[in-house]
Amino acid sequence: MNVISFLKDKLMLFLLHMVCMMALCSFLMATGYQRAACLLVWICWILVLFTWTVCEYQKRKRYFSKMETVLAQIDQRFLLGEMMPYSERLEDQLYREMIRMSNRSVIEKIRAAEETKNDYREYIESWVHEIKAPITSVALMCENHRSEVTRRISSENGKIENYVDMALYYARSDEVYKDYLIQETDLAAVAAEVVGRGKYYFIQNAVRVEIDCKDCVLTDRKWIAFILNQILQNSLKYRRATDACIRIYTVKEPKNVRLVVEDNGIGIKEEEVPRIFEKNFTGTNGRNHERSTGMGLYLCEKLCTKLGIGIHAASEEHVGTKVMLEFPVGTYFISETKS
């Protein structure tokens with residue numbers, strides 16, 4: 001609140017005082033008072049009005065400054081009504097009560113929305129666990145009756161499993177802290193596990209995979225496996241027609257370990273690279289090649305943020321793409337590794 005806005009708000013009051021002062025002076029002069037006496041009354045009135053205006057401005061400014069401070073300090077700003085400073089003015093008390101009533105309605109709506117969201121997430125999780133059983137059965141049948149047909153079925157079954165995993169991890173992405181275990185993780189073992197899981201798809205598409213990971217990090221193995229799998233699925237989807245290759249390797253730096261997934265695929269246009277982690281962004285490749293949901297890399301970026309991992313991408317069209325995961329390494333973990 002500034003002086004100009006305060007004076008504008010009191011404009012009608014000042015005009016009323018002006019009219020009253022003129023009426024009083026006219027009455028005094030009509031009853032025989034001298035002009036000097038009328039002028040003295042006018043000056044006293046103005047001084048009293050000026051003093052009241054200054055005091056009222058300072059008082060209201062302090063009140064709203066406290067309210068702005070409270071608003072800046074609380075995370076859930078819809079609770080402002082409960083945290084508003086006390087005021088003896090009836091107008092402020094009425095506003096405070098109305099804001100409280102409004103906030104109660106908002107809180108009820110938020111609680112109902114959260115309950116609906118939790119119910120939906122629980123349904124998705126139970127559905128995923130149920131659908132995993134037939135997916136596993138199909139995989140076992142294909143493994144026990146190997147042929148060209150079953151290999152193709154197994155490949156498509158792997159795609160279904162990947163999309164089911166995406167649904168599960170998306171449902172859990174807002175509450176990662178409830179389902180993760182930070183422990184020393186061998187990135188080479190995780191990469192080998194993910195590649196082994198999709199080996200038929202790699203073989204079917206003649207994609208060579210090279211793994212050169214020599215470092216361990218502190219992270220959640222399951223979530224990192226999912227993120228790595230999504231990156232590999234993108235590399236497979238946008239591979240080159242011949243001599244396709246994907247390299248998975250680590251680079252040790254002073255304060256972090258960088259896991260790099262590098263391919264020699266069709267690459268991404270320069271202007272589209274900054275947007276590949278946006279939700280539902282498919283880009284030119286997604287429209288021209290296989291159908292894309294634009295959710296894979298978005299989900300990777302979201303999970304990396306929750307886990308405290310940096311994720312970046314670099315690409316050159318018709319040359320290839322690099323996706324890099326940066327794992328922070330604390331001094332304690334470094335000393336333990338050296339010892």
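1. Is L94 buried, partly exposed or exposed? L94 is partly exposed, with a relative accessible area of 48%, where buried means under 20%, exposed over 50% and partly exposed in between, with a 1.4 Å probe and protein chains only. L94 lies in helix α5, residues 90-144.

2. This is a predicted model, in which local features need pLDDT of at least 70 and side-chain atom pairs count only at pLDDT 80 or more, whereas totals for chains, interfaces and linings use all residues. Residues are numbered from 1 along each chain as its sequence is written, and side-chain values use heavy atoms, leaving out hydrogens and water.

3. The search of the whole structure returns zero disulfides, a disulfide being a pair of cysteine sulfur atoms within 2.5 Å. C25 is in none, and the nearest cysteine sulfur, in C38, is 5.1 Å away; C25 counts as buried at 9% relative accessibility. The sulfur of C55 is too far for a bond, because the closest cysteine sulfur, in C44, is 17 Å away, and C55 counts as partly exposed at 49% relative accessibility.

4. Leaving aside residues up to four places away in sequence, L232 touches V194, V195, F202, I246, I248 and V261, contact meaning heavy atoms within 4.5 Å.

Definitions and conventions. Helices (H or I, at least four residues) and strands (E, at least two) are DSSP runs, numbered from the N terminus.
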